[in-house]
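I opened a new page for this structure.

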Amino acid sequence: MRRIAAFGLLATALLASGCGSGDNAEERDGGRPEATMKPSPPSAPPPSADAKPGRTVKVVDSDYGPVIADETGEAFYLFDKERSPRPECFGECAVAWPPVLTKGEPRAGKGAEARLLGTTRRPDGKLQVTYAGHPLYYYVDDSPGVILCHNVSEFGGLWLVVTPGGAPVI
């Protein structure tokens with residue numbers, strides 16, 4: 001009987017978790033269906049022998065139109081609270097919305113614009129990828145081809161997937 005009760009509590013917790021932390025549950029659209037994406041085939045040129053490998057940014061098709069994503073097809077988000085390349089998502093925010101990190105210069109894959117790629121240094125010294133001046137983030141529960149939390153208000157701003165031109169999808 002204890003196992004059944006424990007399973008019921010676990011299932012309830014998982015259903016209630018939604019996007020990010022539970023602090024802003026009233027700000028979320030809980031009835032939103034999952035969006036799907038079709039990853040593009042990889043097309044980034046191989047890095048030169050002396051270059052540090054950097055994160056590849058490419059464009060994939062999604063229910064929101066073309067959006068930028070990583071090499072596996074997992075979408076990137078911007079945080080509209082951030083008005084400069086300086087990140088403002090740390091602590092609990094960065095647990096729910098992990099920054100897109102790179103060890104070298106980011107590379108433009110299929111459909112991405114190399115001139116829009118950049119980096120910003122986080123307080124811990126790690127490099128975060130930027131696109132059109134926006135620091136980029138993942139959503140912790142997304143996966144390649146699945147966008148769960150577009151247009152969600154958390155941690156004082158909206159989280160939006162990004163078009164190939166660098167604008168948020170509205």
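I searched the whole structure for aromatic pairs and got six. Rings of Phe, Tyr and Trp (its six-membered ring) pair if their centres lie within 6.5 Å; planes under 30 degrees apart count as stacked, over 60 as edge-to-face and the rest as tilted. I noted that this is a predicted model: local features need pLDDT of at least 70, side-chain atom pairs count only at pLDDT 80 or more, and totals for chains, interfaces and linings use all residues. Residues are numbered from 1 along each chain as its sequence is written, and side-chain values use heavy atoms, with hydrogens and water left out.

**Phe76 and Tyr138**

I looked up Phe76 and Tyr138, an edge-to-face pair with 5.4 Å from centre to centre and 65 degrees between the planes. Phe76 sits in the loop between strand S3 (67-69) and strand S4 (77-79), and Tyr138 in the loop between strand S9 (134-135) and strand S10 (146-147), so this pair ties together parts that are 62 residues apart in sequence. Helices (H or I, at least four residues) and strands (E, at least two) are DSSP runs, numbered from the N terminus. Are Phe76 and Tyr138 buried or exposed? Both Phe76 and Tyr138 are buried. Buried means under 20% relative accessible area, exposed over 50%, and partly exposed in between (1.4 Å probe, protein chains only).

**Trp97 and Tyr139**

I turned to Trp97 and Tyr139 next. Their ring centres are 4.7 Å apart and their planes stand at 50 degrees, so I logged the pair as tilted. Trp97 is in the loop between H2 and strand S5 (101-102), while Tyr139 is in the loop between S9 and S10, so the pair ties together parts 42 residues apart in sequence. Trp97 is buried, with a relative accessible area of 0%. Tyr139 counts as buried at 2% relative accessibility. I also found a cluster linked by ring pairs: Tyr77, Phe79, Trp97, Tyr137, Tyr139 and Trp159.

**Val95**

I checked Val95, which lies in helix H2 (residues 92-96). Val95 counts as exposed, at 60% relative accessibility.

**Whole chain**

I counted two helices and 12 strands in the protein chain. Of its 170 residues, 42% count as buried. Among contacts (heavy atoms within 4.5 Å) between residues at least 6 apart in sequence, 69% join residues at least 24 apart.
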